Amino acid sequence: MTSPDPSWGPSQTPTTALLTDHYELTMLQAALQAGTADRHSVFELFGRRLPEGRRYGVVAGVGRALRALESFRFDDEALAFLGSRQVVDRPTLDWLADFRFKGNIWGYPEGEIYFPGSPLMVVEGSFAEAVLLETVLLSIYNHDSAIASAASRMTAMADGRPCIEMGSRRTQELAAVAAARAAYVAGFDATSNLEAGRRFGVPTTGTAAHSFTLLFDSERQAFQAQIDSLGTGTTLLVDTYDVAEAVRTGVELAGGELGAIRLDSGDLAEAARRVRRQLDDLGATETKIIVTSDLDEWNIAALSGAPVDGYGVGTALVTGSGHPTCGFVYKLVARAESADPSAPLFPVAKKSTNKLSIGGRKYALRRLDAQGIAEAEVIGIGEPPNGDDNDRPLLVPLVTAGEIVGAEPLSVARDRHRATRAELPLDALKMSRGVPAIPTTYIDSDH
């Protein structure tokens, strides 16, 4: 398994400015023509509800969003495309050529838990510069938080046993990289995806598939070649033919020092029990058992009583285990009446059926009881809510006057998630369908 190295990463990142929807630019053009583009505005990114049956969600993608913001520039190629397709007019193209986000962004830090209404990101600037960020921010947050939310449930059920992300083949190639990163934030120990290792420093691991065994004239020859190349600490895939015979052969060839075996089919709990007895009888008491094969959080929970030492998870993880998006939205919640920098902000809100939003700039804290267990998500409208000594403010600066100030190592987000999940009441970790683990309450400064 390789270790994270923060010095690695792509040397160049292409512009992210066109990772957006057509109407963001047509709104910009119309606002520029109407003289409203420079009005001081506040947008917020949030979810009206959790995915059905979920009791909490996990914030992920913050670091990727900040990285995307760094590269959000309309270069010559992007401008040529917009002009050739007549997406916007010449004055708007000239405005875009000089675009740099100069506003402020606050948000929940990566790895934090969220609930319905949590203001995960608060973007403040002119309408023009803030509205342009809508699509790319939602794209990153909706995907990464969905993966992290599923991953958190899986690692909670694993209860300290390592989990490996193995879903690259089950999703779009770049989504696979982001999924590996999000899973790592939520407690996965490694990924099979090398680009996630290069780009984000996620530890990578992997040994061999069934095809490697089938390449040789016998399983013994395949195992010998793998051990000769990778050492006795390797993991052998033992269910290509006969599991018991494969285990016996692997232990013999490794001299009783085989690192692990992997089971990828059948009744995994029963197979693990049989293999554990066999390994112990052969004296390979330190050899671990890793299981794979379409695992999700329910399978992992069901295997909690089996002698399993680790889990490899693929399809269910990279598809959000049934909830591939979080349903986050990005809404204008306050704006000035004019472009005058001193003009006061006033709240605005959408009133559509089933799509209500609450106007006014939000602030949030996590209310904790005397034992440090979360009791409520408290959201102040217009000003921060009051908390006591152990309540935690949730919004931190991410961008100040256009400068990114909230970048942090993935290890920090990973540690944060572990700590914040530990604050949740025990009901939050139940696999049965339920309501949010804690309520969301609003405090309006005007009332």
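Predicted model: local features only at pLDDT ≥ 70, side-chain atom pairs only at ≥ 80, totals over all residues.
## Salt bridges

The structure holds 23 salt bridges. In one of them, the side chains of Arg 366 and Glu 112 meet at 3.2 Å, N to O. Arg 366 sits in strand 14 and Glu 112 in the loop between strand 3 (104-107) and strand 4 (113-114), so this pair ties together parts 254 residues apart in sequence. Arg 366 is buried, at 0% relative accessibility. Glu 112 is buried too, at 1%.

Glu 252 and Arg 220 also form a salt bridge, at 3.1 Å, N to O. Arg 220 is partly exposed, with a relative accessible area of 37%.

Arg 276 and Asp 280 pair at 3.2 Å, N to O. Both lie in helix 12 (residues 268-281), 4 residues apart, about one turn of the helix. Arg 276 is buried at 14% relative accessible area, whereas Asp 280 is partly exposed at 37%.

## Helix 7 against helix 15

The axes of helix 7 (residues 173-185) and helix 15 (residues 410-422) come within 8 Å and cross at roughly 50°. The two helices are therefore oblique to each other. Arg 181, Tyr 184 and Val 185 in helix 7 meet Leu 410, Ala 413, Arg 414 and His 417 in helix 15. By class, this contact has 4 nonpolar, 1 polar and 2 charged residues.

## Asp 369

Asp 369 lies in the loop between strand 14 (362-368) and strand 15 (374-381). A polar atom of the Asp 369 side chain is 2.9 Å from the backbone nitrogen of Gln 371. Beyond neighbours within four places in sequence, Asp 369 contacts Glu 375 and Asn 390. The C-alpha atoms of Asp 369 and Asn 390 are 7.9 Å apart.

Note on methods:
Residues numbered from 1 in each chain as written. Heavy atoms only, no water. Contact = heavy atoms within 4.5 Å. Polar contact = N/O pair within 3.5 Å; in protein donor to acceptor, adjacent residues only side chain to side chain. Axes fitted to C-alpha atoms, helices over the stretch in contact; angles between N-to-C directions. Parallel < 35°, antiparallel > 145°, perpendicular 65-115°, else oblique. Nonpolar A, V, L, I, M, F, W, Y, C, P; charged D, E, K, R; others polar. Salt bridge = Lys/Arg side-chain N within 4 Å of Asp/Glu carboxyl O. Buried < 20%, exposed > 50% of the residue type's maximum accessible area, 1.4 Å probe, protein only.
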